[in-house]
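Dear colleague,

Please find the structure below, handed over for your records. My findings follow directly after it.

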Amino acid sequence: MRQKFFDSLVLTMALAVMALIFTPLSVSAAQAPDKITIVAIPDDSAENMREFFGLIARHIEAATGIPTEYVHVENYAATVTALATGRAQLAWFGAVTTAQAYLMMGDELEVVAARDIDKEFISYFIANAEAGIGPVSDLKELAEMAAGKNWTFTFGSKSSTSSHLMPRNFFADQSGKRPEQVFRTVAYSGSHDVVLQKVANGEFHLGGLGQPPYDRASAELQAKAPIIYTTPKFTNYCFATRASLGRETIDQIHAALLGLHESEEGRQALGYLKSEGFVDADISEWMGYVELLKSGVDIGN
Amino acid sequence: MRTQPPITCNVATTHRPPAAPPFSPEGDKRPWGVWAAIFTIAVLLVAAFTAVEWDFSSLTDPDQRRLALGRMWSWMAAFRHPDFSPEFLRHSWALTLQTLSAAVIGTFLAIIAAILLALGSSRAVSVGEENLKGWRRDFPLRRPAALFCSLCRIIQDVLRAVPDFVWAVILVAIIGLGPLTGALALALNITGILAKIYSELWDSVDEKSYEQVRASGAGRLTALFYGIGPLAARSVQSFTLMRAECAIRNAAVIGAVGGGGLGSDIWYQIQFGAWSKVTTLLLFTLALTLSADLVSNFIRRQLRSDSNHPRAVRTGSLFRQLARSYVAVGVALAIVGWSFWFMGWGNNAPPGQERRNFLLPAVELVSGEAWRNISFFERMLQPEIDLAAVGIGDADEVEARRAAGTSVNLFAEYGPLSAWRPAAWRAWEEELSHWFGWRVIKSAAVPLAMALVGTLLGVAAAGLLSYPHSFSFMWESSHFTGESPPWWLKLLRRLQMVIARLTGLISRGVPEVMWAFLFISFFGPGLLAGMMAIAIHSTGVLVRVFSESIDNIPYRRFEQSFSGSRAACFGLVAVPVAWRDWLTYSFFQFEANVRTAVVLGIVGAGGLGFQFSFNFEWFRFEKAATYLMMIIALTIIIDRISRLLRFSRVSR
């Protein structure tokens with residue numbers, strides 16, 4: 001009797017598992033959404049992001065007539081997952097996350113627009129002022145200087161483009177060495193702002209971060225952590241969406257973003273984004289990153 | 001043998017003498033188990049300090065020490081100015097309510113799911129009595145029911161081994177963004193933890209003590225309800241409340257994927273160095289911890305049915321006696337009810353969003369549509385084992401790896417016969433490192449070492465602190481010492497207790513991640529910082545349960561052996577009586593600490609957790625899956641060891 005009970009339990013479990021496995025997989029058809037959810041990679045303080053992406057959401061809602069909401073997500077991977085699975089319709093990605101989303105979604109991913117500054121983005125290498133590390137003309141020089149010095153280095157977030165992938169990539173290209181081979185510790189402090197803070201207060205000798213957060217910082221902080229090297233230009237952030245939203249909706253969002261400077265909210269948001277305005281963009285400009293990721297580029301592990 | 005009616009739990013019991021050491025057949029009275037344990041711990045400690053690299057330079061080098069101290073002071077000084085602007089206070093208050101409701105919902109769902117899962121994973125319930133001896137007892141293929149039991153155990157191991165942020169990312173694909181997603185991720189994780197605890201506690205009830213129930217014709221479930229369940233109820237209740245408190249105070253996953261939560265906001269604000277805001281949020285967390293402590297103490301007190309307890313209510317009308325448990329259950333249900341109401345219909349707007357019913361996405365769980373999105377994570381099912389490196393699989397690939405010199409050629413330099421030479425081991429290790437699988441296995445050393453040293457330090461500190469922390473020794477000691485201390489001495493003792501309790505509260509109320517950041521500013525990122533964080537946090541968690549088990553000892557046990565010194569009485573009577581309970585709690589804490597250490601790896605200690613989250617966040621699912629398998633394997637191994645050695649014991 002008891003035996004039977006448990007045998008049937010096992011059978012039920014097995015059936016449930018089978019049912020899960022064989023659920024037919026299908027791609028949802030194109031349709032105009034009744035709501036737009038915006039997500040963004042978390043690379044600034046929550047208050048700032050809520051305020052300014054909230055403004056953009058209001059601008060898009062006014063321009064397209066579709067209810068729009070910004071949801072703050074605190075994990076890079078979750079933003080990509082949300083867009084790739086249709087839980088969000090519009091996403092503010094960095095170059096790495098764009099490429100990751102492309103690898104997940106293929107042609108379903110559509111880049112709507114990017115800022116003017118995103119086409120020629122730069123990163124800085126900074127050093128603690130008291131460490132006595134002067135400006136260098138290239139990173140090979142830095143690697144040679146660092147030999148045997150036990151210096152420590154910090155990137156920003158692991159999934160970041162301008163505070164991790166590109167600085168690392170330029171370093172490896174120019175010096176022929178991994179940062180891990182040159183510095184005693186290579187850490188990820190979480191964000192651009194903290195890289196600056198930690199290098200300024202001497203917790204790390206050196207760090208790498210993107211341009212806008214450094215330019216925004218106070219002169220006092222900048223003096224404690226001067227720039228020692230500026231990287232070549234690269235492509236960075238963009239707004240990406242799903243092709244299944246339909247041509248019409250995407251064009252509406254595109255027009256709304258390009259006309260961001262026309263509304264009061266939009267102008268405020270642009271001020272925060274350190275940009276004159278949004279411009280046309282196409283996924284082809286990010287394909288270099290897709291290739292880079294596909295090539296199994298060294299990401300520090 | 002003591003006779004006791006097994007059906008009621010209201011039995012007057014004293015603490016039983018410690019059970020016979022594990023593995024010892026009847027008649028063997030030599031306490032070799034203690035020495036074996038000490039020896040094992042010593043060996044593990046040596047291993048922990050040699051297998052991974054500890055950087056003590058900020059302690060030993062005077063220059064570095066001075067710098068590090070300066071950094072730590074400036075870090076602490078940043079906490080002097082909490083942000084008390086009205087809008088941020090409102091924001092923090094909203095987060096507090098959001099955290100409370102999500103954590104309560106998560107824990108509530110987890111308790112239900114865990115009981116169901118534990119029915120399967122408890123051998124006493126799903127398999128029953130067996131006359132098997134030795135390895136046959138643990139062989140899963142002996143009966144279908146036993147296979148089912150092992151399956152359930154693996155499910156619960158996976159549930160708690162997978163870090164909660166991973167559940168959250170997976171749930172985003174299924175039910176979208178919002179506070180409920182965080183609550184469900186938490187629920188999945190806690191289900192794994194509670195199901196392990198329940199099944200282990202149920203299994204540790206001696207078969208003899210419920211055999212009357214079985215003999216009178218009860219089935220397995222009836223035996224659980226009338227025999228095993230009531231006998232284990234006290235421990236089950238204590239652990240459940242402990243877990244619920246834990247979920248409320250530092251569940252960083254609530255709010256990580258949309259919606260607000262204190263824990264995730266602290267993480268986030270730390271990343272941007274907004275220390276004044278972190279301070280405010282910490283104060284709110286501490287207040288929440290304190291209230292959760294008080295409420296759970298209240299529930300514990302109401303549910304205490306042991307009439308032998310020193311502070312048991314013996315007088316009062318029958319109505320009052322019976323009402324107590326209804327009051328306790330009522331309070332708990334009211335909190336759960338409020339949480340669901342708040343999440344669904346209350347003024348629950350997380351910052352920047354509009355108020356709405358956040359429970360609605362749950363409908364998608366049953367609609368079936370949403371489950372398709374899970375195929376997004378399909379690649380997690382194909383872990384990268386990198387067999388080509390060890391010469392298995394596609395011949396071309398193996399050849400390519402060999403040509404590139406990145407395959408394992410174990411005996412290239414030293415044959416197996418030179419095992420006596422240390423150089424041979426080093427060379428073998430180097431060869432093995434070409435294999436990804438070996439690197440994965442090796443990365444487990446970091447969390448293990450961190451958790452081991454951290455737990456040992458935490459247990460030692462909690463043991464010492466539980467003397468001033470104990471209510472019976474500091475507040476009510478005159479009940480068994482016979483002395484009548486002057487008012488100032490009484491005051492002094494009570495002051496000691498308050499200070500000890502505050503210390504405990506702060507060290508467990510401040511999330512581990514916070515402690516980790518504090519020590520990172522001192523020691524730099526690495527093992528040492530993570531270990532210290534774990535030690536401090538464990539001290540806080542353990543001192544509470546340690547002194548609770550001291551306070552549960554009837555005073556007459558102290559009375560008969562009291563010889564003038566309270567401290568001696570504590571050390572020679574109270575601690576030995578509570579020792580088995582302490583061991584149980586400590587081992588559970590060690591198990592939890594290994595998982596914490598995996599998570600702390602993300603903060604900068606490196607090792608398994610760092611590698612896993614790194615690969616997961618870069619969507620290198622195949623590699624992430626291999627590291628995840630290692631995390632799961634670690635959980636399973638520790639769990640099976642604890643079951644084998646019967647670390648858990650039901651205390652009543």
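The crossing of α7(B) and α8(B) is right-handed, a crossing being left-handed if the near helix is turned anticlockwise from the far one by less than a right angle, and right-handed if clockwise. Helices here are DSSP runs (H or I, at least four residues), as are strands (E, at least two), numbered from the N terminus. This is a predicted model, in which local features need pLDDT of at least 70 and side-chain atom pairs count only at pLDDT 80 or more, while totals for chains, interfaces and linings use all residues. Residues are numbered from 1 along each chain as its sequence is written, and chains are lettered from A and ligands numbered from 1 in the order in which they are written.

Helix α7(B) packs against α8(B) (residues 179–203) at an angle of about 130°, and their axes are 8 Å apart; axes are lines fitted to C-alpha atoms, for helices over the stretch in contact, with angles from 0 to 180 degrees between N-to-C directions. The angle therefore makes α7(B) oblique to α8(B) (under 35 degrees is roughly parallel, over 145 roughly antiparallel, 65 to 115 roughly perpendicular and the rest oblique). Among the residues making the contact are Trp167(B) and Leu171(B) of α7(B), and Leu184(B) and Leu188(B) of α8(B); two residues are in contact if their C-beta atoms, placed from the backbone, lie within 7 Å. By class, this contact has ten nonpolar, three polar and one charged residues. Ala, Val, Leu, Ile, Met, Phe, Trp, Tyr, Cys and Pro count as nonpolar, Asp, Glu, Lys and Arg as charged, and the others, Gly among them, as polar.

Within chain B, the domain assignment gives domain 1 (84–381) and domain 2 (443–644), with bounds that come from an automatic or database domain assignment. Their centres, taken over C-alpha atoms, are separated by 20 Å. The contact between them takes 29 residues from domain 1 and 30 residues from domain 2. On the domain 1 side, α12(B) gives the most, with five residues.

Chain A has 13 helices and eleven strands.
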